[in-house]
Amino acid sequence: EKGGYDTFMEKEIFDQPDAVRDTLLGRTDEAGRLTLDEIRISEEDLKAIDRITIVACGTAAYAGMVAKYAIEHWTRIPVEVSLAHEFRYCDPIVSERTLVVSISQSGETMDTLMAVKHAKELGARTLSICNTHGATIPRESDAVLYTHAGPEIAVASTKAFLAQITACYILGLYLAQLRGGTYADDAAKVMGELQEMPAKIEEVLGHLERTREIARFMADTRSVLFLGRNVGYPIAMEGALKLKELAYIHAEGFAAGELKHGPIALIDAGQPVFIVVPGPDTPHGLHGKVVSNIQEIRARGARTLVIAEEGDEAVVPFADEVIRIPKSAPLLAPLLAIVPLQVFSLELSTAKGLDVDQPRNLAKSVTVE
Ligand code: F6R
């Protein structure tokens, strides 16, 4: 069942182009307009939505953080991301014009289920992004948008994460199209860019030898930091979570702009730091700002492991290692940037002789609060 791979996790990482491709399948008509038959909330109600709250835990919550940047940009609807266990007990602001979107691979996570039930009691419309047909959370929700990643066996989530991000993009573009406005006409164009992502993920998967080598030499490392900005920020967080789960190494992800507000004090000689660099075309000059961050930490002795687009030469003078990903639309880049980080953790865990598919203390589906 592992399809020739040593572990389920590795197989699932290599399944990711298909997970994205299958999640995109059948979402557009011949004219390239999005059609979401599964969403059983009336168009009228969807047009009236004035706030979106995403509830999820762990990796699914990081998918939600990526979604916030994309959905707000395309629809101008305010999006908040709430850890499901925090949402449930914090007196959340919710009305019948709030769309509460839950994201869950299993569809059985108790914290997320309780958040959805609570949202319903408060009168919200609820939509479930879920990978498991007929699971409890989609059954409890008004509407469902299934991800088609296929069964995920390894405890650490990989392909479900990419499928969740993809489903969130689809939802955002659908809402943009439905509500009119600046991005309504662009939805088809972005869908086209999204359709190109599976082939780009394949490209990333074909060039991972150096990433694996870097990981194998780091089996004794005690701490790794991950920096990102904009959609790269949740990717830094997810990269850190994978390393904690799989290799039991202290890891922290943070927004690159936070560096000078504290974390830069952690940088000393040899400290490994992954930096997820936004593409040079990212708005607001973010690329240059992150390149300066790399320069700053390198000057303080950090070992800089840089994930950057092909052709981005600006990073080279400050990088100890450059891991390349293909060019893509800035909001879609998380589907590429996370892949080397997943493989890094997989390889490091293997180098330490650990059980990749069943990390200690963890269960695949957390059905208790
Ligand atoms: C991390 C991981 C967990 C899950 C979280 C939510 O690798 O697997 O953080 O993402 O427990 O699980 P689901 O998506 O099933 O609700």
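Contact between residues here means heavy atoms within 4.5 Å, and helices (H or I, at least four residues) and strands (E, at least two) are DSSP runs numbered from the N terminus. The structure is a predicted model, in which local features need pLDDT of at least 70 and side-chain atom pairs count only at pLDDT 80 or more, while totals for chains, interfaces and linings use all residues. Residues are numbered from 1 along each chain as its sequence is written, and side-chain values use heavy atoms, with hydrogens and water left out. The chain averages a pLDDT (the predictor's confidence in each residue, from 0 to 100) of 95, and 100% of the residues score at least 70. The model has an ipTM of 0.98 and a pTM of 0.97.

Two packed helices are described by the angle between their axes and the distance between the axes. Axes are lines fitted to C-alpha atoms, for helices over the stretch in contact, and angles run from 0 to 180 degrees between N-to-C directions. Helix α10 (residues 197–205) packs with helix α14 (residues 334–351) at an angle of about 20°, their axes lying 9 Å apart. α10 is therefore roughly parallel to α14, a term for angles under 35 degrees, whereas those over 145 count as roughly antiparallel, 65 to 115 as roughly perpendicular and the rest as oblique. On the α10 side, Met-197, Lys-200, Ile-201, Val-204 and Leu-205 take part, and they meet Leu-335, Leu-336, Val-339 and Pro-340 in α14. The contact of α10 with α14 comprises 8 nonpolar, no polar and 1 charged residues, where Ala, Val, Leu, Ile, Met, Phe, Trp, Tyr, Cys and Pro count as nonpolar, Asp, Glu, Lys and Arg as charged, and the others, Gly among them, as polar.

Helix α8 (residues 159–179) also packs with α14, the axes coming within 10 Å and crossing at roughly 170°, so that α8 is roughly antiparallel to α14. Phe-161, Leu-162, Ile-165, Thr-166 and Tyr-169 of α8 make this contact with Pro-334, Leu-335, Ile-338 and Gln-342 of α14. By class, the contact of α8 with α14 has 7 nonpolar, 2 polar and no charged residues.

Asn-230, although not a glycine, has a positive phi of about 55°; Asn-230 is placed in the loop between β6 (223–228) and α12 (232–247). With a relative accessibility of 25%, Asn-230 counts as partly exposed, a class lying between buried (under 20% relative accessible area) and exposed (over 50%), for a 1.4 Å probe and protein chains only. Asn-361, likewise not a glycine, has a positive phi of about 70° and is found in the segment after α14, where Asn-361 is exposed at a relative accessible area of 76%.
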